[in-house]
Amino acid sequence: MPPSAELPGFLHTVAPILDRWGYLAIGGIIVVESFGVPAPGQTIMAAASIYAGYGRMNIWAVAAICFVTAVIGDNIGYWIGLRGGRKIVNRWGKYILVTPARLAKAEQFFARRGNRIIVIARFIDGLRQLNGVIAGITRMPWKTFLLYNAIGAALWVGFWCTLAYQLGANLGPIMGRIHQYQWPVIGVLVLAVTTYVILHVRHIRRRRARTAAEIRQAEEQAGQSGQTEAKEQTQA
């Protein structure tokens, strides 16, 4: 392995682990991160890709291990959420403002747009770790989760492995910048999604009100027509 100094910035923190355990460290850390345990999965993947750029590891092996263990870890999280997550939320969720009613809304949201969330969650700290658990709690169909989780993992691994492999030691400052601005970006994304949901719900309510009004109008017209026909029959 190359000396730890070749991994600048916060990538340097995972160098001793990678030096000692190699490919095993990559798989182990990404698995535990993917089912909810805080761990530097993305960081060690980038570090291993930099090592591969120096010829000390195989980039294809790094990418394959990252992809497989990411999918496995998220599936473990999914089954944790499916088997025990709801009970935990019902008992303790109120202390973190997650009520059964809000969980029900989350289920409906996942049912409509869960596939998109699963794909992009890989790139967002916090969501990446709890992605599978939330999908399990909301009872997303497992085959749907597996498909979009694999797509998200492939995009995530492909992006970071390619970037780190190509940029090498220059990736450290870039990742530092990304981590520096990720929360403002997440805030903007949350605001955008919230605005979209509010407008979408408002549109649905207006459409339902319009439909109800049209139904009432049709019923009134049918009633008036029936009365007219009855009068005509009586006069006849």
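**Note on helix packing and cores in a predicted model**

1. Asp 74 is located in helix H4, which spans residues 59-92. The model is a predicted one. Because its relative accessibility is 0%, Asp 74 is classed as buried.

2. The side chain of Asp 74 forms a polar contact, at 2.9 Å, with the side chain of Arg 122. Setting aside residues up to four places away in sequence, Asp 74 touches Ser 34, Arg 122, Arg 128, Asn 131, Gly 132, Phe 145 and Asn 149.

3. Helices H6 (residues 127-137) and H7 (residues 142-167) pack with their axes 12 Å apart, at an angle of about 175°. H6 is therefore roughly antiparallel to H7, since angles over 145 degrees count as such. On the H6 side the contact is made by Arg 128, Asn 131, Gly 132 and Ala 135, and on the H7 side by Phe 145, Asn 149 and Trp 156. By class, this contact comprises 3 nonpolar, 3 polar and 1 charged residues.

4. The largest nonpolar core has 25 residues, of which Leu 18, Ile 26, Met 45, Met 57, Val 62 and Cys 66 touch the most other members. Two or more residues each come from helix H1 (15-21), helix H2 (23-34), helix H3 (41-53), H4 and H7. The most, 6 residues, are given by H3.

5. Val 62 is in contact with Tyr 23, Ile 26, Met 45, Ala 48, Ser 49, Met 57 and Cys 161, leaving aside neighbours within four places in sequence. Another core, of 6 residues, lies apart from the largest one; Tyr 78, Ile 118, Met 140 and Phe 145 are among its members.

Methods: Residues are numbered from 1 along each chain as its sequence is written. This is a predicted model: local features need pLDDT of at least 70, side-chain atom pairs count only at pLDDT 80 or more; totals for chains, interfaces and linings use all residues. Side-chain values use heavy atoms; hydrogens and water are left out. Axes are lines fitted to C-alpha atoms, for helices over the stretch in contact, and angles run from 0 to 180 degrees between N-to-C directions. Helices (H or I, at least four residues) and strands (E, at least two) are DSSP runs, numbered from the N terminus. Angles under 35 degrees count as roughly parallel, over 145 as roughly antiparallel, 65 to 115 as roughly perpendicular and the rest as oblique. Contact means heavy atoms within 4.5 Å. Ala, Val, Leu, Ile, Met, Phe, Trp, Tyr, Cys and Pro count as nonpolar, Asp, Glu, Lys and Arg as charged, and the others, Gly among them, as polar. Buried means under 20% relative accessible area, exposed over 50%, partly exposed in between (1.4 Å probe, protein chains only). A polar contact is a pair of N or O atoms within 3.5 Å; within protein, one must be able to donate a hydrogen and the other to accept it, and residues adjacent in sequence count only if both atoms are side-chain atoms. A nonpolar core is a set of buried Ala, Val, Leu, Ile, Met, Phe, Trp, Tyr and Cys residues joined through side-chain atoms within 4.5 Å.
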